[in-house]
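Here are my notes for someone opening this structure for the first time. Please keep the sequence and the 3D view side by side as you read.

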Amino acid sequence: MNWTRRHLLDIESLTAAEIVTVLDTARAFKAIGQRAIKTVPALRGKTVVNLFVEPSTRTRTSFELAEQRLSADIINFTAEASSLRKGETLKDTARNLEALNVDFIVIRHSAAGAPHFLARVLQAHVINAGDGAHEHPTQALLDLFTIRERKGRIEGLNVTIIGDILYSRVARSDIWGFTKLGARVTLCGPPTLVPREFEQLGCRITYDLEEAIRDADVINLLRIQHERQRRSMFPSLTEYTQFFGINPARMTVTKPDALIMHPGPINRGVEIDSETADGERSVILEQVNNGMAVRMAVLFLLNGGRGPQELLA
């Protein structure tokens, strides 16, 4: 299908066909990334602002490299050194940037809905790089891409997500993406962080870790989102690790080809131990590598690219 959206704000509103279009386009960009000359002129003459009001390492670096590979002009915006510190509103900041003929705004913000708000008031293309505890669409797309590269499909797989579901934007985007493409999703973690309300999204919930991972084809681990929690949601990190941490002993009950994923940053010794994080079934670094191809695909499609057929022609 041909892509027609101006913005990428969430996974919830995408159709399965649109998600597959992004994944297929990303596959073409990953192949381009393996060439001697890795840049393409798809965004030559276009200006992209990386408007990160929240801290980020992987996502921001990945977007910046994707923009460079597409030959875009890049402005990296730091909230700490901007007029936002002086009381300027997000709307005024964004509109002033747009007045400089900016074509794309990639935004990460602590307030859920901030990218949707900008999409209503700006002509520039808006990409959500994470908004509060709402969604992180490009992370879900790179997770889907990584699984499809390794497993060859998404439909029919058992995907288990373990950890802080309540405050995780990655979990929400992943749930929408996995279910739309036909995977069965199981959530596991402390009851305070995995409320039953998530069953309304088509997930199965269990508080028994071994039950959650026994039949899983993919085990996606999430860190505890301390920065978003208003109070302690469980007694201690030691207790969390005892009941929900992944280690070699627990891996013995899983399928021999089960993949281990993590969006980062990893808290080693909490949700996962180092041996498992660095083991042969871990695809954590593959996720990072694939993220650049996925973000190149998103930028390309929002700029009017028709899809993978245009790159392969």
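1. Start with one pair of side chains. Arg-27 and Glu-149 meet in a salt bridge, at 3.9 Å from N to O. Arg-27 lies in helix 1 (residues 16–33) and Glu-149 in helix 5 (residues 137–151), so the pair ties together parts that are 122 residues apart in sequence. Bear in mind that this is a predicted model.

2. Glu-149, with a relative accessible area of 37%, is partly exposed. The pair also belongs to a network of salt bridges that links Arg-27, Lys-30 and Glu-149.

3. Now the overall layout. The chain is divided into two domains: domain 1 covers 7–134 + 291–310, and domain 2 covers 137–287. Their C-alpha centres lie 26 Å apart. Domain 1 gives 31 residues to the contact, and domain 2 gives 24 residues.

4. How much area do domain 1 and domain 2 bury between them? The figure is about 2,300 Å², with 63% of it on carbon and sulfur atoms. On the domain 1 side, three residues stand out: Ile-11, Leu-23 and Ala-133. They supply 25% of the area that domain 1 buries against domain 2, more than any other three residues.

5. Side chains of opposite charge can pair when their charged atoms come close. The structure holds eleven salt bridges. Across the interface of domain 1 and domain 2, there are four salt bridges. Elsewhere in the list of pairs, look at Arg-148 and Asp-24: they form a salt bridge whose closest N and O atoms are 2.6 Å apart.

6. Next, Arg-150 and Glu-286. Their side chains meet in a salt bridge at 2.7 Å, N to O. Arg-150 lies in helix 5 and Glu-286 in helix 11 (residues 284–302), so the pair ties together parts that are 136 residues apart in sequence. Arg-150 counts as partly exposed, at 41% relative accessibility. Glu-286 also counts as partly exposed, at 29%.

7. Another pair sits in loops. Arg-268 and Asp-278 meet through their side chains in a salt bridge of 3.0 Å, N to O. Arg-268 is in the loop between strand 9 (259–261) and helix 10 (274–277), and Asp-278 is in the loop between helix 10 and helix 11, so the parts tied together are ten residues apart in sequence. Arg-268 is partly exposed, with a relative accessible area of 43%. Asp-278 counts as exposed, at 54% relative accessibility.

8. Finally, the strands. Why is strand 6 (residues 184–188) described as largely enclosed by the rest of the structure? Four of its five residues are buried, so the strand is largely enclosed.

9. Strand 6 has a parallel partner in strand 5 (residues 158–162), and five bridges join the two. In that pairing, Asn-158 has Arg-184 of strand 6 as its bridge partner.

Notes:
Residues numbered from 1 in each chain as written. Predicted model: local features only at pLDDT ≥ 70, side-chain atom pairs only at ≥ 80, totals over all residues. Heavy atoms only, no water. Buried < 20%, exposed > 50% of the residue type's maximum accessible area, 1.4 Å probe, protein only. Pairing = 2+ DSSP bridges. Domains from an automatic or database assignment. Contact = heavy atoms within 4.5 Å. Buried area = accessible area lost by both parts, 1.4 Å probe.
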